[in-house]
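Please report on how the two ligands sit in the model shown here. Cover the contacts, the surrounding residues and the metal site.

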Amino acid sequence: MRLNTLTFLMLGLRPISALAEDALLPVDQQTLTRMIANGQASDAFHEAFEAGDELTEFSFDAVRGVGAYIGEGRRFTRFPRADLTGPMEWANHFPTREGGANATSCIACHNAPFANGAGDVALNVVIDPAHTGDPTQYLERNTLPLFALGIPQRLAEEISLDLYLQRNSAIQTACVSGRAKVELHSKGVDYGTLTVTRVSQDPCEFETDTSDLAGIDADLVIKPFGWKGNKPTIRSFTRDAAHNELGLQAVELVGDQDGDFDGVTNELTVGDITALTTYMAALERPVSKLELDDLGLIELTAPERSEILAGEAAFARAGCVSCHTPSMTFKEAVFKEPSEVPGFFDVTFPDGSDPASHGLTPANSMTFELTGDQPNNIITLPVGTTYHLGAVARDATGAAVARWFTDFKRHDMGPGLSDPSDPLGLGASMFLTRSLAGVGATGPWLHDGRATTLEEAILTHGGAAQVSRDTYAKMSEETQAEIVAFLESLVLFNADPEE
Ligand code: HEC
Ligand code: HEC
């Protein structure tokens, strides 16, 4: 069975050579916005999705400004060059380079087991955000998969909205009675406590103590992207990825300036970033082998099914679920770009411009239903009916549910997994609970790809996960194998590898 799935996944690799290099035109945000305003929102969505697909696959060239003026006559570098401090060289680019430029296309790295997936360690990114120039301080990052990123962003938005309300009611209480302490929680997860103390009345002024928050930032904005969990939106991650990985500087990042001194400006339009964001948000979701078996797309034997189910139960018993929250329910499973939730849209773009001046407004946002609008993985079942495997599923009550396996919190993973330095100031050993959606197909694992098996990934957990890890280590070999079988059952699936 396993071999068949793997073979199928391998077939998913897209032929890069088949792409029409000249067909890539800049996406115009104003056109998309006009379409949405004129009642053609669905057309705008499909156009953006298609454009995003092309943008992630396209191999950019120097004419389009790929790469950067590194120094030493180079355009690309796989390791940070803080030593190159001459005029226009690596160390003087703006915004500050973290690493790269590394590649000419997004799927150069995001390609395993097929396009938009994770990546081998050969494609790891090495960064030196603080420009130490000291290799012992460099951070190493393994490529993350790009599927269904609308799920984590929308869940993060809903969690933050809950936490904002809880903060507001604490402020109201404190203004009346002097002090209020709230236990923040959302979607079954505990985010620590917030204490509000009134410092003066009429008008009420108050202080907020955020020192007992758990795994999130003082602004209560959940940041579901990056191994560190430091970026709230697909858009914000994407324009930084374009700059650092490809040396493509978006207009919204640098305006009409040439911050990487490669002689090209306007390397990606606002519409291009919207298209990339829409595409990754609306990509098909990861699935489980049980689901594929239920649908008749693969065949599991009865013992294989029961092993996976036993593994899921043991995953809970080992305490893995205390961080890898198996599922979360949406209140409103709708993705919008730009979002309307404070903390999840740009008040101003990094270049200082107003997003509305580019046509990017919440009034005409790119909007799609997470429970049905995804273009991929609409499959015809062996019985002849159509099933939308790419969309977020609903539970028996009709609520949209995502099996994303994270609590969206950062945890101390102990000294063994620690980064060698902490340029972001989040704690060197702090990492976002990695989603396990698709984890059976995204190895190697962990933030630097050091784990070549799922078992290794589990046994490398330390810090706040030490007890859970030790519980796993003490389980019988059979139970351990069941947990691994469960993790291996969480896979990526593309019904139409040629698409
Ligand atoms: C050189 C390899 C490389 C290239 C090229 C690359 N990426 Fe990535 N990508 C990574 C790595 C490594 C990470 C994890 C980074 C981290 O967490 O610090 C990542 C993470 C991401 C994430 C966050 C996913 C998540 O769930 O947190 C997004 C979004 C993303 N990349 C989009 C893109 C886009 C869009 C492009 C092209 C413009 C691109 N990447 C090009 C290596 C690459
Ligand atoms: C204290 C929270 C916590 C607990 C408990 C926990 N994990 Fe994790 N897990 C994480 C974090 C954080 C990461 C990301 C580590 C990194 O960035 O290197 C992770 C990563 C993983 C990965 C690698 C994912 C990938 O894509 O590379 C697997 C597999 C995994 N955990 C399985 C488990 C299993 C199985 C258990 C129970 C035995 C468990 N975890 C318990 C927090 C936790």
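## Ligand sites

A backbone N or O atom of W227 lies 2.8 Å from an oxygen atom of ligand 1. That is a polar contact, a pair of N or O atoms within 3.5 Å; within protein, one must be able to donate a hydrogen and the other to accept it, and residues adjacent in sequence count only if both atoms are side-chain atoms. This is a predicted model, in which local features need pLDDT of at least 70 and side-chain atom pairs count only at pLDDT 80 or more, while totals for chains, interfaces and linings use all residues. Residues are numbered from 1 along each chain as its sequence is written, chains are lettered from A and ligands numbered from 1 in the order in which they are written, and side-chain values use heavy atoms, with hydrogens and water left out.

| Residue and its atom | Ligand atom | Distance |
|---|---|---|
| H110, side-chain N or O | ligand 1, nitrogen | 2.9 Å |
| G226, polar backbone atom | ligand 1, oxygen | 2.7 Å |
| W227, backbone N or O | ligand 1, oxygen | 2.8 Å |
| L446, backbone N or O | ligand 2, oxygen | 2.7 Å |
| H447, polar side-chain atom | ligand 2, oxygen | 2.7 Å |
| H461, side-chain N or O | ligand 2, nitrogen | 2.8 Å |

Ligand 1 is surrounded by 23 residues. A residue counts as near if one of its heavy atoms lies within 4 Å. C106, C109, H110, G226 and W227 are the closest. Helix α5 (residues 234–246) gives the most to this shell, five residues. Helices are DSSP runs (H or I, at least four residues), strands likewise (E, at least two), numbered from the N terminus. The shell of ligand 1 holds 14 nonpolar, seven polar and two charged residues.

Around ligand 2 there are 25 residues, and C320, C323, H324, L446 and H461 come nearest. By class, 16 are nonpolar, eight polar and one charged.

Now the metal. H324 (NE2) and H461 (NE2) coordinate the iron atom of ligand 2 at 2.0 Å. These two residues link distant parts of the chain, 137 residues apart. H324 is in the loop between α9 (302–317) and β7 (328–329), and H461 in the loop between α10 and α11. Donors are N, O and S atoms within 2.8 Å of the metal (3.2 Å for Na, K and Ca). What is the site of the iron atom of ligand 2, given its six donor atoms? The site is octahedral, with angles of 86 to 179 degrees. Six donors count as octahedral if opposite donors are over 155 degrees apart and all others between 65 and 115.

Notes: Ala, Val, Leu, Ile, Met, Phe, Trp, Tyr, Cys and Pro count as nonpolar, Asp, Glu, Lys and Arg as charged, and the others, Gly among them, as polar. Four donors count as tetrahedral if all angles lie between 85 and 135 degrees; four count as square planar and six as octahedral if opposite donors are over 155 degrees apart and all others between 65 and 115; anything else is irregular.
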